Amino acid sequence: MSSEDGAHAKPLVLLWLNEAKRYLQAATDAGVTRSLELVTVPAGEQPQPELLARAEGVLAWGLPPGIIPSMPKLRWIQTLSAGVETWLARPDLDAGISLTCARGVHYEQMPDNILAAIYYVANPLDAARRQQERSEWKRLVPEPLSGKTLGIIGLGAIGADLAHKASVLGMRVVGVKRTPTKVPHVEAVHPLDEIDQVLARSDFVVLLLPVTPVTENFINASVLRHMKKSAWLFNFARGALVVDADLVAAAESGTIAGAVLDVFRQEPLPSDHPFWRARNIVVLPHVGGVHPDRDRFVAALFVENARRFAQGEPLQALVDRTRGY
């Protein structure tokens, strides 16, 4: 455990995670430790009662159940994930505590990984690899992306960047946004209750929605029936958006061409889950937001929010509890 000298005159923020060293160094380099006391605690350890009593902020993936009442001064939580449904489900998360998430930190890698998945299903790369294993030469015909329509369900920062990159490839882009305002490179923006219009036009449908009471289980049999039979679904958001059994049935019956799934209700995905063996469902081990230097992006957000917290300024990526993200 490490802390700054001159401790008690400054607000205390706990860095309660195993990879805290990089975050502490980033905050030190930015001069944040001149106005905040930062103390690191491994994720599996319990801070001393004195630290819990003094902590006004915390950086963590999660907190043990029931611990927040032991932190009477807590005013700010910075989580390292973009999704916050587990945080908002906590009964001890007082309304007076500001919750900020890692929204937007996947802007560099996520669009690229989604496009890679689209290329994978549009081009016969897997089939070619399987032919090589059999020493078989058979001409295959790739499907061009130019002229295809990409439907983005959730036009936030990631969705907007994906739309830009898809347009460079000659794709037409339509999408869904909570507030259907104009988005660059997107031909038509619809509210969620008009998702059927987006699905009917799209050759590829990408889910980028947060999980809220409105969106949980939203992609079900009745919604999937609005997709083209030749269309593919890509879930790079949250597993709980999709009714698993309905998606398996849609892929198996030919209601849709197939799905690429990067997120699941339970991770790791259980070995007996139908997704593993379903026809035309591709399982990815939650790689969409993975970046070899991800901590650098999250640390930059944490440092900026720590500076704002110390100065009493509005925080970035603040969670709207009414909206659920």
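This is a predicted model: local features need pLDDT of at least 70, side-chain atom pairs count only at pLDDT 80 or more; totals for chains, interfaces and linings use all residues.
In helix α10, the buried residues are Arg294, Phe297, Val298, Ala299, Leu301, Phe302, Val303, Asn305, Ala306, Arg308 and Phe309.

**Helix α10 and its surroundings**

- Helix α10 runs over residues 294-311, and its 18 residues reach 26 Å from the first C-alpha to the last, which is close to the 26 Å expected at 1.5 Å a residue.
- The elements that cover the buried residues of α10 include the strands β1 (12-16), β3 (55-60), β4 (76-79) and β5 (98-100), together with the helix α1 (20-29).
- An α-helix has 3.6 residues a turn, so residues three or four places apart point the same way.
- Just after α10 comes Gly312, whose phi is positive, at about 75 degrees.

**Thr100 in strand β5**

- Thr100 is found in strand β5, which is itself among the elements that cover the buried residues of α10.
- Is Thr100 buried or exposed? Thr100 counts as buried because its relative accessible area is 0%, where the cut-off for buried is under 20%.
- Leaving aside residues up to four places away in sequence, Thr100 touches Trp76, Ile77, Gln78 and Thr79, as well as Asn305, Leu315, Gln316, Ala317, Leu318 and Val319.

**Asp94 in a loop**

- Asp94 has its place in the loop between α3 and β5, and it is partly exposed because its relative accessible area is 48%, a value that falls between the limits of 20% and 50%.
- The C-alpha atom of Asp94 is separated by 9.3 Å from that of Leu74, although the two residues are 20 residues apart along the chain.

**The largest pocket**

- The largest pocket holds about 1,500 Å³ of space, and among the 47 residues that line this pocket, Ala82, Leu208, Leu209, Pro210 and Tyr325 are the closest to its centre.
- Helices α3 (85-88) and α6 (157-168) each supply at least two residues of the lining of the largest pocket.
- Sorted by class, the lining of the largest pocket consists of 23 nonpolar, 15 polar and 9 charged residues.

**The second largest pocket**

- About 420 Å³ of space lies in the second largest pocket, which is lined by 19 residues, with Tyr120, Val121, Ala122, Asn123 and Trp232 lying nearest its centre.
- Which element gives the most to the lining of the second largest pocket? That element is α5, with 4 residues, and at least two residues each are supplied by α4 (110-122), α5 (125-133) and β12 (281-283).
- By class, the lining of the second largest pocket has 11 nonpolar, 3 polar and 5 charged residues.

**The enclosed cavity**

- Rolling a probe the size of a water molecule over the atoms shows where empty space is left.
- The count comes to 1 cavity of 30 Å³ or more, and about 40 Å³ of space lies in the largest cavity.
- The largest cavity is lined by Asn235, Gly239, Val242, Asp244, Leu247, Leu261, Val263, Phe264 and Phe275, and these lining residues divide into 6 nonpolar, 2 polar and 1 charged.

Methods. Residues are numbered from 1 along each chain as its sequence is written. Side-chain values use heavy atoms; hydrogens and water are left out. The expected span of a helix is 1.5 Å times one less than its number of residues. Buried means under 20% relative accessible area, exposed over 50%, partly exposed in between (1.4 Å probe, protein chains only). Contact means heavy atoms within 4.5 Å. On a 1 Å grid over the protein atoms alone, a cavity is a set of points where a 1.4 Å probe fits but cannot get out, and a pocket is an open set with protein on both sides within 12 Å along at least five of seven lines; lining residues have an atom within 4 Å of a point. Grid points are joined across faces, edges and corners, and a volume is the space filled by probe spheres set on the points. Ala, Val, Leu, Ile, Met, Phe, Trp, Tyr, Cys and Pro count as nonpolar, Asp, Glu, Lys and Arg as charged, and the others, Gly among them, as polar.
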